[in-house]
Amino acid sequence: MKKTVLIFGVTQGLGKALAKYYLNQGHYVIGCARYLKRLDDLKDEFSLELDLYHVDVTSYEQVQNFYQQIEQRIIDIVIITAGFYASNRHIGINKESTQKLLKTNISALTYIIDGVSPVSYTHLRAHETDSYL
């Protein structure tokens, strides 16, 4: 059965690999990322079974607007790979990198989960199940 997979952080790393995996399995992928150029490159690389959205997950308003755009869609799987990590030890820990890390890895996760709940609930009601993820 063909599933719809929603991936946050779809343009590189694990998110991109998972998009490729699910597309190769014949599923439909909805992908979100903050960089337009990377989204354009990804659209050129993959099939038409990939629907891409420009969403900065650190913005509560952008995440909520995105969910409004897809509220009629049934989402089967949600994957969150968007994140930030300063791996360069020369950068060090400073106020700016710490704030970016917290906003991307903690606040954004909260925004995404807050929006996923109504989508999941709608999906489960559409399938007439008593289960809730």
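How many bridges join S1 to S4? The answer is 4, and the two strands run parallel. The legends below cover the fold and several close-ups.

This is a predicted model, in which local features need pLDDT of at least 70, side-chain atom pairs count only at pLDDT 80 or more, and totals for chains, interfaces and linings use all residues. Residues are numbered from 1 along each chain as its sequence is written, and side-chain values use heavy atoms, with hydrogens and water left out.

**View 1. The whole protein chain holds 4 helices and 4 strands.** Helices (H or I, at least four residues) and strands (E, at least two) are DSSP runs, numbered from the N terminus. Read from the N terminus, the order of elements is β-α-β-α-β-α-β-α. Of the 133 residues, 36% are buried. Buried means under 20% relative accessible area, exposed over 50%, and partly exposed in between (1.4 Å probe, protein chains only). The accessible surface is about 8,500 Å², and carbon and sulfur atoms account for 51% of it. These areas come from the Shrake-Rupley method with a 1.4 Å probe; for residues, only the protein chains shown count as cover. Contact means heavy atoms within 4.5 Å. Among contacts between residues at least 6 apart in sequence, 58% join residues at least 24 apart.

**View 2. The open sheet has 4 strands in the order S3-S2-S1-S4.** Pairing is parallel; two strands pair if DSSP finds at least two bridges between them. Strands S3 (50–54) and S4 (77–80) stand at the edges. Each has a single partner strand, so one side of each lacks a neighbour in the sheet. From one strand to the next, the twist averages 15 degrees.

View 3. Axes are lines fitted to C-alpha atoms, for helices over the stretch in contact, and angles run from 0 to 180 degrees between N-to-C directions.

**View 4. Strand S1 is mostly covered.** In S1, 5 of 5 residues are buried. Thr4, Leu6 and Phe8 lie on one side, Val5 and Ile7 on the other. S1 (residues 4–8) runs parallel to S2 (residues 28–33), with 5 bridges joining them. Thr4 has Tyr28 in S2 as its bridge partner. The chain passes from S1 through helix H1 (residues 13–24) to S2 in a right-handed β-α-β crossover. Right-handed means that, with the strands pointing away from the viewer, the path from the first strand over the helix to the second runs clockwise. Leu6 stands opposite Ile30 in S2. Ile7 has Ile79 in S4 as its bridge partner.

**View 5. Thr11 sits in the loop between S1 and H1.** Thr11 counts as buried because its relative accessibility is 11%. Leaving out residues up to four places away in sequence, Thr11 touches Lys16, Ala33, Arg38, Leu39 and Leu42.

**View 6. Asp56 sits in the loop between S3 and H3.** The Asp56 side chain makes a polar contact with the side chain of Thr58 (2.7 Å). A polar contact is a pair of N or O atoms within 3.5 Å; within protein, one must be able to donate a hydrogen and the other to accept it, and residues adjacent in sequence count only if both atoms are side-chain atoms. Beyond its neighbours within four places in sequence, Asp56 contacts Arg34, Gln62 and Val63.
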